[in-house]
Amino acid sequence: MLQLELYFALDVEHEWKKHPQSPVAMGPETALCGGRVREVNGVLVRPALDVSLYEGQQMRAYAVTLLTPTSYEERPLMDEPMLEASGRGWRALGSRCWDALEEEDEDGERTGDYLVVTDGYESMH
């Protein structure tokens, strides 16, 4: 069974420890990473690939609501998938990776606007 393990460290140079609540997600609908966790409008968003039919068929978003060295909680961010295979074009069969980048103004201040990027594939070849 697919499992998403969570590890933490004081910083990247210290020893990484397995989080006591690992695995934090299990199963083909939620455990495969669909990109890095990003803060979007003040919410930590974890994208997850749903591979219950095939890889990239759809992607779901989870809001990380609690993250400490001893606790982890998340909930679905929305009822529907955030990305699905479109059936045609560059994303006909789906996407495997998602990211959101917050734009900054000329002074380096966050604007609240996001550039969202994803990949796509249109054939299994």
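Before I turn to the first feature, a word on terms: a nonpolar patch here is made of residues with over 30% relative accessible area and no salt bridge, whose nonpolar side chains are joined within 5 Å. In this model, which is a predicted one, such a patch is made by Tyr7, Val12 and Trp16, and it covers about 360 Å² of the surface. Val12, one of these three, sits in the loop between strand S2, residues 7–8, and strand S3, residues 17–18. With a relative accessible area of 68%, Val12 counts as exposed, because that word is used for values over 50%.

Let me step back to the whole chain for a moment. Its secondary structure comes to 12 strands and zero helices, and of its 125 residues, 31% are buried. If we take the contacts between residues at least 6 apart in sequence, 41% of them join residues that are at least 24 apart.

Now to the interior. In soluble globular proteins, nonpolar side chains tend to be buried together. Which residues form the largest nonpolar core here? There are nine of them, namely Val40, Val45, Leu49, Val51, Met59, Ala61, Leu83, Trp98 and Ala100. Three strands each supply at least two residues of this core: strand S7, residues 43–50, strand S8, residues 58–67, and strand S11, residues 98–104. Another core, of seven residues, lies apart from it, and among its members are Leu4, Leu6, Ala31 and Tyr72. Returning to the nine-residue core, one of its members is Leu83, and, if we leave aside its neighbours within four places in sequence, Leu83 is in contact with Gln58, Met59, Arg91, Ser95, Trp98 and Thr118.

The next residue I would like you to find is His19, in the loop between S3 and S4. Is His19 buried or exposed? His19 is buried, since its relative accessible area is 3%, and the cut-off for that word is under 20%. A polar atom of the His19 side chain lies 2.8 Å from the backbone oxygen of Thr68, and the backbone oxygen of Ser71 lies 3.4 Å from a polar atom of that side chain. Not counting residues up to four places away in sequence, His19 touches Leu6, Tyr7, Phe8, Thr68, Pro69, Thr70, Ser71 and Tyr72.

In strand S4 itself we find Ala25, which is also buried, at a relative accessible area of 7%.

I will finish with two features of the backbone. Most residues other than glycine have a negative phi, and most peptide bonds are trans. Against that background, the peptide bond from Ser22 to Pro23 is cis, with omega near 0°, and Pro23 lies in the loop between S3 and strand S4, residues 25–26. Asn41, for its part, has a positive phi, near 50°. Asn41 is found in the loop between strand S6, residues 38–40, and S7, where it is exposed, with a relative accessible area of 59%.

Technical notes:
Residues are numbered from 1 along each chain as its sequence is written. This is a predicted model: local features need pLDDT of at least 70, side-chain atom pairs count only at pLDDT 80 or more; totals for chains, interfaces and linings use all residues. Side-chain values use heavy atoms; hydrogens and water are left out. Patches are made of residues with over 30% relative accessible area and no salt bridge: like charges are joined within 9 Å, nonpolar side chains (Val, Leu, Ile, Met, Phe, Trp, Tyr) within 5 Å. Accessible areas come from the Shrake-Rupley method with a 1.4 Å probe; for residues, only the protein chains shown count as cover. A salt bridge is a side-chain nitrogen of Lys or Arg within 4 Å of a carboxyl oxygen of Asp or Glu. Helices (H or I, at least four residues) and strands (E, at least two) are DSSP runs, numbered from the N terminus. Buried means under 20% relative accessible area, exposed over 50%, partly exposed in between (1.4 Å probe, protein chains only). A nonpolar core is a set of buried Ala, Val, Leu, Ile, Met, Phe, Trp, Tyr and Cys residues joined through side-chain atoms within 4.5 Å. Contact means heavy atoms within 4.5 Å. A polar contact is a pair of N or O atoms within 3.5 Å; within protein, one must be able to donate a hydrogen and the other to accept it, and residues adjacent in sequence count only if both atoms are side-chain atoms.
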